[in-house]
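Notes below, in the order I looked things up.

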Amino acid sequence: LILLFGGYNKNLNFEFLKNYNFKKLICFGKLSNQLMNVKCIRFEHLKEAIIFALETSKSEDIILFSPGCASFDEFTSYAQRGKYFDDLVRDYYDK
């Protein structure tokens, strides 16, 4: 499982993620600069994180997009962020 998470943290504690065995833990956005005690691959923007996840995954991998944070660091709403994710993945596989 490859977990893609991040955004604008509203004072939530994500240290519990250290207890799970992910193939990759990819964080993005403002949260990526706040998680000093969680080992993750950090990206400033969602697009970079998605492209990295897609390019480094294998066919048997599952990429779970579960931000866990507000979208306001890059987007106007969670719906806009979700559509952006969908569109980027579809465009990636259409090429």
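Which residues is Leu4 in contact with, leaving aside its neighbours within four places in sequence? I get Ile26, Phe28, Ala49, Ile50, Ala53, Leu64, Phe65, Ser66, Pro67 and Phe85, taking contact as heavy atoms within 4.5 Å.

Ground rules before I go on. I'm working from a predicted model, where local features need pLDDT of at least 70, side-chain atom pairs count only at pLDDT 80 or more, and totals for chains, interfaces and linings use all residues. Residues are numbered from 1 along each chain as its sequence is written, and side-chain values use heavy atoms, with hydrogens and water left out.

Next, the cores. I take a nonpolar core as a set of buried Ala, Val, Leu, Ile, Met, Phe, Trp, Tyr and Cys residues joined through side-chain atoms within 4.5 Å, with buried meaning under 20% relative accessible area (1.4 Å probe, protein chains only). The largest has 14 residues, and Leu4, Ile26, Leu46, Ala49, Ile50 and Phe65 touch the most other members. β1, β2, α1 (46–56) and α2 (78–94) each give two or more residues to this core; these are DSSP runs, helices being H or I of at least four residues and strands E of at least two, numbered from the N terminus. α1 gives the most, with 5 residues. I also found another core apart from it, of 12 residues, including Phe22, Cys27, Cys40 and Cys69.

Last, Asn9, which I find in the loop between β1 (2–6) and β2 (24–28). Asn9 counts as buried because its relative accessibility is 11%. Not counting residues up to four places away in sequence, Asn9 touches Phe14, Leu31, Gln34 and Cys69.

Technical notes
Buried means under 20% relative accessible area, exposed over 50%, partly exposed in between (1.4 Å probe, protein chains only).
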